[in-house]
Amino acid sequence: MFEGIELAFARLFTWDAALGLFIGVVGGMIIGALPGLSATMGIALLIPITYGMDPTAAILMLAAIYTSAVYGGSISAILIHTPGTPSSAATCLDGYPMTQKGESLHAIGLSTTASVIGGVISSIALLLIAPPLARLSLKFGSAEYFLIAIFGLTLIASLAGDSMIKGLLAGAFGLVCGLVGFSPDGYARFTFGYIPILGGIQLIPAMIGLFSISQVMIQAEERGKTSSNEKVEAKIAGRFLPPAKEFVGLIPLILECSVVGVFIGILPGAGGDIASWVGLNLAKNQSKHPEQFGTGIPAGVAAPEAANNAVTGGALIPLLTLGIPGSSTAAVLLGGLTIHGLQPGFELFTKHADITYAVIIGFLCANILMGLVGWAVGKYLTKVSKVPIPLLIPCIAMLSILGSYAASRNIADVYIAVIFGLIGFFMRKYGVPVAPIVLAMILGPMADSHMYQGIIQANTISFVQYLFTRPLSIFFMVLIILALFAPLLSKVISKAYQKKNGKMADAAEDI
Amino acid sequence: MQKSRIQDLVIGLIAIAIGVFLLLNSLKFPDTTKQFTWFVLFVFIGLGLILVITSLINAKKPGGQEVDAKTFKNPLTMFLLVLLYVIMLDKIGFFVASVIFMPVTMLYMGYRKPLPIIFVTGGMLAFVWLLFVFELKVRLPQGLLF
């Protein structure tokens with residue numbers, strides 16, 4: 001390993017690698033900040049231009065785009081309530097209210113700090129724990145993947161907002177959307193003869209519709225009124241770096257979310273989108289005032305941002321060691337590795353150790369550079385929120401349409417985005433949260449395909465019986481039960497505390 | 001019955017209608033496909049039913065947000081503009097459609113300063129051309145004109 005690292009430094013300190021790193025960081029940030037353009041799409045679009053590049057510089061650039069786009073996505077989520085990437089959807093909930101309160105700079109500062117910490121921790125995890133964890137990941141089967149998906153779905157209850165039933169209904173609607181297209185056994189389900197949706201409803205256009213186009217429609221309500229952005233302009237104030245006291249208070253949460261993010265990144269199929277919701281859920285459950293989430297509080301920005309950036313390094317662990325992508329973006333990165341003749345596996349850490357370790361160390365540098373660039377330009381990025389709404393609306397609409405088209409270059413996806421925009425608008429107007437739809441659309445097909453494979457693997461016994469025959473499955477089932485009862489348990493504990501504190505206060509008054 | 005409860009009732013009924021329609025459609029599915037499909041659809045219909053029942057039980061209690069359908073005029077007009085833009089993309093190409101859509105939308109939203117309208121439209125399209133067409137070689141919808 002150490003010999004590999006030595007050779008890696010020689011590869012890393014070249015103009016090509018440095019340029020790849022810089023373009024990756026800045027380009028990723030721009031791609032991420034633009035609504036509708038995701039890290040996955042950015043990498044997919046940029047892979048063809050890396051053909052002529054040195055493999056180290058090429059892979060480093062793609063990996064830097066990955067982490068930087070995840071961070072960049074938070075900027076538009078905070079400023080214009082439009083998540084730049086699926087990973088930053090959770091950041092909208094508290095980031096945008098902070099902007100409305102005139103604390104956009106503060107929110108971006110928190111997002112930058114948390115993203116850097118999450119990214120750096122994930123890079124260290126990638127460097128140190130890849131080989132042993134790869135062995136464990138090898139033992140994952142369909143039963144475990146199915147349970148990971150179910151674990152993710154348990155989060156919907158906490159995303160439900162004011163009405164639990166409406167939130168769950170939205171989640172179920174997302175699962176229904178996930179059913180469209182070929183089933184795992186190859187049967188065309190709910191396509192009604194429409195060929196473009198045979199492969200299913202694509203997540204990117206659906207998400208662009210639900211979040212961006214519905215937002216364009218909601219902002220259209222402001223037609224002819226005084227631009228609310230002018231109010232935002234007046235309120236932009238504060239400091240970029242979080243105050244020391246607030247930062248120290250958030251550190252345990254950021255670290256915890258980073259570790260959770262790394263773990264989620266390692267789990268195949270679960271990406272930054274899931275991690276950010278898990279992070280937010282973690283922060284909510286730990287908070288003494290969970291009711292404040294959604295009103296624009298720092299923990300609501302820091303937790304999902306630390307978690308989603310921590311996913312990036314975690315997702316590279318199974319990718320580089322086993323060839324199993326930890327997220328959809330990592331899956332696209334796998335294509336980039338293959339193009340440059342790099343096959344994931346043991347050989348990557350032996351024969352190509354110089355390239356692999358150069359990419360890993362460069363990835364660590366990318367996360368630090370991302371923070372520096374963010375700190376340097378963050379205050380200028382807040383200018384986005386000063387643009388008058390009438391000028392902003394067509395730009396968001398145009399980028400949304402462009403983003404939904406460019407993902408698969410299929411005009412049918414654009415219509416899907418528009419339809420989901422209309423659905424999202426009515427749902428938001430009638431108090432039905434849209435975030436559970438996205439979560440369920442990611443996890444539904446995952447649960448479906450692994451359940452199908454699990455049933456085949458279970459052979460003579462039932463699928464439920466099969467789950468109990470696998471120790472790792474039992475571990476995940478325990479996690480699911482804990483996740484289901486955690487909100488209830490935390491309520492009981494908090495009530496018990498309040499009661500105890502009340503009695504103590506009464507006793508003190510008596511004295 | 002409170003207006004917000006009527007809204008919930010309608011949402012629940014729509015969910016049930018969609019669920020039942022899809023359930024009927026899934027009757028011909030093979031057994032292996034049915035398992036997960038039916039599980040999801042029963043959950044969906046069940047939740048719709050719960051929403052209907054709770055809105056009927058709490059019919060007279062205030063709760064949730066009341067929405068005035070009159071406020072939908074501008075958002076729905078915006079939706080039509082976006083839809084027209086997408087239809088135009090297919091017919092006359094991305095850049096020409098965007099040159100029409102962006103200023104029209106800005107004017108519709110009540111913005112009247114010509115220079116920012118021209119600058120933002122031109123700037124955004126130049127950026128898209130540089131990034132997508134020039135740099136990333138993405139073939140955007142071309143249509144009849146450009």
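This is a predicted model: local features need pLDDT of at least 70, side-chain atom pairs count only at pLDDT 80 or more; totals for chains, interfaces and linings use all residues.
Now, how many salt bridges cross the interface of chain A and chain B? The rule finds one. Have a look at D8(B) and K166(A): they form a salt bridge, and their closest N and O atoms sit 2.9 Å apart.

Okay, the interface as a whole. On the chain A side, 63 residues are in contact with 65 residues of chain B. Between them the two chains bury about 5,800 Å², and 83% of that is on carbon and sulfur atoms.

Let me zoom out to chain A itself. We've got 21 helices and two strands. Of the 511 residues in chain A, 60% are buried. And if you take the contacts in chain A with a separation of 6 or more, residues 24 or more positions apart account for 79% of them.

One residue from the inside, then: S88(A). Where is it? In the loop between helix 4 (55-80) and helix 5 (89-100) of chain A. Buried or exposed? S88(A) has a relative accessible area of 0%, so it counts as buried, the cut-off being under 20%. If you ignore the neighbours within four places in sequence, S88(A) is in contact with G73(A), S74(A), A77(A), P83(A), E305(A) and N308(A).

Last stop, the surface. There's a nonpolar patch of about 470 Å² there, made by V464(A), F468(A), I474(A), V478(A) and L482(A). Which helices supply at least two residues each? Helix 20 (463-468) and helix 21 (471-510) of chain A do, and helix 21 gives the most, with three residues. L482(A) is in helix 21, and its relative accessible area is 53%, so it goes down as exposed, where the cut-off is over 50%.

That's my tour; over to you.

Notes. Residues are numbered from 1 along each chain as its sequence is written. Chains are lettered from A and ligands numbered from 1 in the order in which they are written. Side-chain values use heavy atoms; hydrogens and water are left out. Helices (H or I, at least four residues) and strands (E, at least two) are DSSP runs, numbered from the N terminus. Buried means under 20% relative accessible area, exposed over 50%, partly exposed in between (1.4 Å probe, protein chains only). Contact means heavy atoms within 4.5 Å. Patches are made of residues with over 30% relative accessible area and no salt bridge: like charges are joined within 9 Å, nonpolar side chains (Val, Leu, Ile, Met, Phe, Trp, Tyr) within 5 Å. Accessible areas come from the Shrake-Rupley method with a 1.4 Å probe; for residues, only the protein chains shown count as cover. A salt bridge is a side-chain nitrogen of Lys or Arg within 4 Å of a carboxyl oxygen of Asp or Glu. Buried area is the accessible area (1.4 Å probe) that two parts lose on being put together, summed over both.
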